[in-house]
Amino acid sequence: MPSLLHSLRLPLAALLLATTALPLHAAPGAPHTHGAAHDRAHDPEHPAPAEDGTGVPGQAGAVTRTIEVDMGDDMRFTPAAFDVRAGETVRIALRNRGMLRHELVLGNAQTLAAHYDAMLARPGMTHEHTANALSLDGGETGELLWRFTDAGTVSFACLEPGHYPAGMRGEVRVR
Ligand SMILES: [Cu+2]
């Protein structure tokens with residue numbers, strides 16, 4: 001039955017290709033990364049969220065609080081700081097009230113600064129598929145679900161070229 005064999009072969013070939021293209025350690029359901037060429041787990045600039053104390057992707061059913069955050073062409077987040085409790089899952093309702101593209105990337109101050117440098121070195125790299133970041137065109141809205149696990153300060157920033165050095169950054173105080 002050549003036709004059956006043929007129909008089996010193609011998906012198998014596709015599966016093998018897909019499997020070899022994926023990092024072997026990537027767990028099912030792990031947050032999307034920038035892609036195979038930008039392997040989060042092997043990149044010191046991109047530690048897995050749980051490892052850097054910033055938290056983990058949130059589940060919709062666990063959300064206890066919605067925080068509305070605006071991004072503007074004045075290179076500001078509004079509010080630029082807010083408080084949450086350790087363990088709390090927060091829906092960050094994000095709105096880009098400007099014309100330019102902006103993004104909110106959660107991290108710590110060190111990794112965000114390193115990440116910004118990496119962004120400059122690799123134009124076209126975006127964060128729209130990562131669980132800890134959301135990139136929006138002017139006028140767009142969206143949401144990030146995040147569980148803040150550790151008490152301390154989690155930073156956020158817009159890593160679009162020029163925005164971070166202009167002061168487009170903020171802090172989440174986790175108590
Ligand atoms: Cu921005």
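**Close-up views of a predicted model**

**View 1. Pro 79 sits in the loop between strand E3 (76-78) and strand E4 (81-84).** The peptide bond that joins Thr 78 to Pro 79 is cis, with omega about 0°. Strands (E, at least two residues) and helices (H or I, at least four) are DSSP runs, numbered from the N terminus. The model is predicted: local features need pLDDT of at least 70 and side-chain atom pairs count only at pLDDT 80 or more, while totals for chains, interfaces and linings use all residues. Residue numbers start from 1 along each chain as its sequence is written.

**View 2. Met 75 lies in the loop between strand E2 (63-72) and E3.** Its phi is positive, about 65°, although Met 75 is not a glycine. Met 75 counts as partly exposed because it has 19 C-beta neighbours inside 10 Å. The classes rest on C-beta atoms placed from the backbone: a residue is buried if 20 or more others lie within 10 Å of its own, exposed if 12 or fewer, and partly exposed in between.

**View 3. Five strands form an open sheet of mixed pairing, in the order E1-E8-E5-E2-E3.** At the edges are strand E1 (56-57) and E3, each of which pairs on one side only. Two strands are said to pair if DSSP finds at least two bridges between them. E1 is joined to strand E8 (residues 141-147) by two bridges in the antiparallel sense. Here Pro 57 stands opposite Trp 146 of E8.

**View 4. Strand E10 (residues 169-174) pairs with E4 and with strand E9 (residues 152-157).** E4 and E10 run parallel and are joined by four bridges. Val 84 has Val 174 in E10 as its bridge partner. Between E9 and E10 there are six bridges, and the sense is antiparallel.

**View 5. The largest nonpolar core has 26 residues.** A nonpolar core is a set of buried Ala, Val, Leu, Ile, Met, Phe, Trp, Tyr and Cys residues joined through C-beta atoms within 7 Å. The members that touch the most others are Leu 104, Val 105, Phe 148, Ala 157, Cys 158 and Leu 159. Two or more residues each come from strand E5 (89-96), strand E6 (102-107), helix H2 (109-121), strand E7 (133-136), E8, E9 and E10. Beyond four places in sequence, Phe 148 touches Gly 55, Val 84, Ala 86, Glu 88, Val 90, Val 154, Val 172 and Val 174. Contact requires that the C-beta atoms of two residues, placed from the backbone, lie within 7 Å.

**View 6. Tyr 164 is located in the loop between E9 and E10.** Tyr 164 counts as buried because it has 21 C-beta neighbours inside 10 Å. Leaving aside neighbours within four places in sequence, its contacts are Tyr 116, Ala 157, Cys 158, Leu 159 and Arg 169. Arg 76 is 88 residues away from Tyr 164 in sequence, with a C-alpha to C-alpha distance of 9.5 Å.

**View 7. The whole protein chain has two helices and 10 strands.** From the N terminus the elements follow the order α-β-β-β-β-β-β-α-β-β-β-β. Of the 175 residues in the chain, 26% are buried. Among contacts with a separation of 6 or more, 74% are between residues 24 or more positions apart.
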